Amino acid sequence: MNATQLAGASNAAVYASMLTLTFAMVSFAISFAAGRRRIGMTQTQVPVAASAGSTAVLIRSVVDAPTDDQAGRRSANIAMSLTWLGFVLLLAGVVLRGVWAGRVPWGNMYEFSITAALGILGAFLIVSLRRDVRWLGLFIVIPTLLTLGLAVTVLYTEGAQLVPALKSYWLSIHVSAAIICSGAFTLAAATAGLSLVQSRSELRGKPGLAKVPSADKLRTLTYRVLAFAFPLWTFAVVAGAIWAENAWGRYWGWDPKETWAFITWVIYAAYLHARSTVGWRGDRASWVAIAGWTAFIINYFGVNIFINSLHSYSGV
Amino acid sequence: MSKEAPPLPPMGALGFLRFAWRQLTSMKTALILLFLLAIASVPGSIFPQRGNNPLRVNEWIADSPTFGPIFDTLGFFDVYSSPWFAAVYLLLFISLIGCVLPRTKVHWRAMFAPPPPVPRNLLRLPESMSFEVGAPAHDVLARGQKYLTDRRWRLLVTENAIAAEKGFLRETGNLLFHFSLILILVAIAVGGLFGWKGNVIVRAGQGFSNTLTQYDAWGGGRFTGAARLSPFSFTLDKFNVEFDRSEAQRGSPSLFEADVTYRRSPGAVAENSRIEVNSPLEIDGAKVFLVGHGYAPHFVVRDASGAVVFDDSVVFLPQDGNFTSTGVVKIPDSEPPLGIEGIFVPTAASNNLRGPISIFPGPDDPAVFMSAWRGDLGLDAGAPQSVYRLDTKAMAQIGLDALRPGQTWVLPDGSGSIEVTGFERWASFQIAFDPGKEIALLGAILALTGLMLSLFIRRRRVWIAVAPSSQTVTVVQIAGLARIESADLPGELQLIREAVAGLADTTSATPLGDFKEQK
Ligand code: HEM
């Protein structure tokens, strides 16, 4: 493949991924809606073949409103497969972009964004290997598609050259850590948001979103994701500081990008504190997790595009 | 460190102080101070900051005469050195110290104390089980003790029970993390007090020696005297720069590097080095960074008789990405004094309609647009003057012209001529000395280590209690408690169960068929 074909193949893979993810989103939405329509309890347990003297009781599940729920489950499974496909296509898109540019594919905002989308999907899929998080899919695929949509429309650039400030192996270290964090932070914001929804219903004694775990479980999941992401974000910030020292002669200069990285860090530190403070553990901690993600997003889009910063290499 | 609300204050001043201290070092205050720190950092990313960009600050204030001075008084242009920002982080760190010291004491004691004894009713704990093992009680206990000791649990063994505890490194990590934050703050203070930082522009072929007078801008801490500047010097031999010509990223720099010859001290041997953006030159702990570059057009000015009154290159400052650059030339020695305001464009737009604007940063078609003035340059007034600005209050304009290199402009009033012979490149360097940065790095590494210990290690307790039910059968109760939610506790108890049942050496996949469930 020559260079133009490589770039074309990368773009095609990204578009194919977006298409696949759109279908995934629709399937997740169907499954979600199917779950919502389910009313009341659906499972009754009927003992069969219970003979006297036998300790074994066979239990068969009878499902009251099976059609709706089964359809929902099937479409959630289809959605998961589509998400995996979308992930693989996006991975191909990112890798081809890197091959075409002859460097890590993180030289401008278009490339950051497609890689961040990959990070969001990756974080979700890794968690999905260990537990059933199909209920979360809709809230992962939507931000991923938004990120990709912004990337291909507003942020797209043909540029291959790195500006000299980015020519450093710290680029790979610092940015890859930040990209993994972007996935984890988004995941945690989604579970924190859902925990707020669930907690509101639970307070009113209503059943809440079907298939979605209880507020308490969601909060625990949020904590686990953030307990993983926070040290990684700390590492990303420290790596950035080392790089800045190497490039500009100071490890910290309160440049807007650095400032917002710091704000993000402080808010997530506050989240961890909130988790062990009486009166803050529940919904308030979830709000703090969402605030941290907001700061992260402001740093990513706001500072790159609107604020004049040393880090303005967006290529937009 | 109390996580509960402090008790009501006792009477009296001392009581009040104690109450205030408790409040300050409570977790809730820490939380609020963290939020305040986040919020207080925001204005510094919105308003230009003096430390980074003094020129933009001046513009901002000049552009909004009402709010500019108000915001300036409030410290919005020096957020990170403003008193209110300092107040927030100092309170936070006082709270931190007040928090961590007592907690360290408690932790120190806990590390040498035996685990708390077995609770009366183990089966009341949420994570617990009871089962029978076909072995005498002391064998069961011995197996449990061996299993836990091998895995470095801390034990308290009594006649018919074991209390065990693990995961102390969690708290150790937490304390290490918070102490490291203090260390980082100290490092910043050391850098601020003993470090210095300066900027200088050097034209190709020119030299620089590390003394205060040679800097264009210099800032140092309270304890950095000029005497502490190490006596190095360097010459910028050559500055190489290339710009991207591809359609997509036309004009973005693809390379810039400075070749220098330097000496560590005036008598030392000359050494060569190449300074690039991510690779500074380090001399005696000070680092020389390449931060920018530009053009310096070369002017030769002659008076009416043809005698040369000025012959030098002059630094012009880039105003946009294509290096449309502005600068001034002041020639007090000509009679009357001459001043030139100029715009240098490395690549002039082919149609001159767009005025003096460069369309490419590389020197494809350089030109200088000039406006010449005669009169009092104001240099004798005593007030310091910028070398990049011409004060034309007491001057009269004598004409405008544009020159390409090699061309000469004969001034319309017959007072002489201006020739542009070509241009030099210049590079700007930031030279910094920060004795605190190694400490900061150490602090960061320790903080990260502590953080990972504190987030990934689970502190937990387990208890094993045995009661003989016959000569060969023992009833065993196991229970566990974890401080934080821990999905692994049931699995851990399961392993202990297998161990005390004598199944530890077989894989955990072995069916536990020979136990009879009692729970
Ligand atoms: C510079 C300000 C501070 C930062 C950045 C910070 C950061 C953190 C972080 C990231 C954690 C999470 C580690 C873990 O969960 O084990 C933590 C835990 C903790 N911090 Fe701080 N902290 C700060 C100040 C304080 C202060 C002032 C206090 C005292 C009031 C405090 C008390 C604690 C406690 C008790 C924990 C353990 C929470 C637990 O048991 O899970 N911290 N801190």
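## Histidines at the iron

B:His178 counts as buried, at 14% relative accessibility. The model described here is predicted. The iron atom of the ligand is coordinated through NE2 of A:His273 and NE2 of B:His178, at 2.0 Å.

The iron atom has six donor atoms, and the angles among them run from 73 to 178°, which makes the site octahedral. For six octahedral donors the ideal angles are 90 or 180 degrees. A:His273 belongs to helix α7 of chain A (residues 256-275) and B:His178 to helix α8 of chain B (residues 169-194), so the pair joins two chains.

## Surroundings of the ligand

The ligand lies between chains A and B. It is surrounded by 25 residues, of which A:His273, B:Cys99, B:Arg103, B:His178 and B:Ser454 are the closest. From a nitrogen atom of the ligand to a polar side-chain atom of A:His273 the distance is 2.4 Å. For B:His178, a polar side-chain atom lies 2.8 Å from a nitrogen atom of the ligand. B:Ser454 has a side-chain N or O atom 2.6 Å from an oxygen atom of the ligand.

Elements of both chains give two or more residues to the shell around the ligand: α7 of chain A, and α2 (27-41), α6 (83-112), α8 and α9 (437-456) of chain B. The most comes from α6 of chain B, which gives five residues.

## A:Val266 in helix α7

Helix α7 of chain A also holds A:Val266. A:Val266 counts as buried, since its relative accessibility is 1%. When neighbours within four places in sequence are left aside, the contacts of A:Val266 are with B:Leu34, B:Leu37 and B:Ala38.

Within chain A, the C-alpha atoms of A:Val266 and A:Gly292 are 8.3 Å apart, and the two residues are separated by 26 residues in sequence.

## Chain A

Chain A has eight helices and two strands. Along the sequence these elements follow the pattern α-β-β-α-α-α-α-α-α-α. Chain A has 316 residues, and 56% of them count as buried. Of the contacts in chain A between residues at least 6 apart in sequence, 78% join residues at least 24 apart.

Helix α5 of chain A (residues 169-203) includes A:Glu202. With a relative accessibility of 39%, A:Glu202 is partly exposed. Beyond four places in sequence, A:Glu202 touches A:Ser214 and A:Ala215. A polar atom of the A:Glu202 side chain lies 3.1 Å from the backbone nitrogen of A:Ala215. A:Met25 is 177 residues from A:Glu202 along the chain, and their C-alpha atoms are separated by 27 Å.

In soluble globular proteins, nonpolar side chains tend to be buried together. The largest nonpolar core in this model contains 112 residues, and A:Leu136 and A:Trp233 touch the most other members. Helix α6 of chain A (residues 215-248) supplies the largest share of this core, with 16 residues. If residues up to four places away in sequence are not counted, A:Leu136 touches A:Phe124, A:Leu187, A:Ala190, A:Thr191 and A:Leu194.

Another core, of 48 residues, lies apart from the largest one. Among its members are B:Phe208, B:Phe232, B:Phe316 and B:Phe360.

## B:Ser325 in strand β14

B:Phe316, one of the members of the 48-residue core, is also in contact with B:Ser325. B:Ser325 lies in strand β14 of chain B, which covers residues 325-331. The relative accessible area of B:Ser325 is 0%, so the residue is buried.

Outside four places in sequence, B:Ser325 contacts B:Leu317, B:Pro318 and B:Gln319 as well as B:Phe316, and also B:Gly342, B:Ile343 and B:Phe344. A polar atom of the B:Ser325 side chain lies 2.8 Å from the backbone oxygen of B:Phe323.

Key: Residues are numbered from 1 along each chain as its sequence is written. Chains are lettered from A and ligands numbered from 1 in the order in which they are written. This is a predicted model: local features need pLDDT of at least 70, side-chain atom pairs count only at pLDDT 80 or more; totals for chains, interfaces and linings use all residues. Side-chain values use heavy atoms; hydrogens and water are left out. A nonpolar core is a set of buried Ala, Val, Leu, Ile, Met, Phe, Trp, Tyr and Cys residues joined through side-chain atoms within 4.5 Å. Buried means under 20% relative accessible area, exposed over 50%, partly exposed in between (1.4 Å probe, protein chains only). Helices (H or I, at least four residues) and strands (E, at least two) are DSSP runs, numbered from the N terminus. Contact means heavy atoms within 4.5 Å. Donors are N, O and S atoms within 2.8 Å of the metal (3.2 Å for Na, K and Ca); water is not among the atoms, so sites may look incomplete. Four donors count as tetrahedral if all angles lie between 85 and 135 degrees; four count as square planar and six as octahedral if opposite donors are over 155 degrees apart and all others between 65 and 115; anything else is irregular. A residue is near a molecule or strand if one of its heavy atoms lies within 4 Å of it. A polar contact is a pair of N or O atoms within 3.5 Å; within protein, one must be able to donate a hydrogen and the other to accept it, and residues adjacent in sequence count only if both atoms are side-chain atoms.
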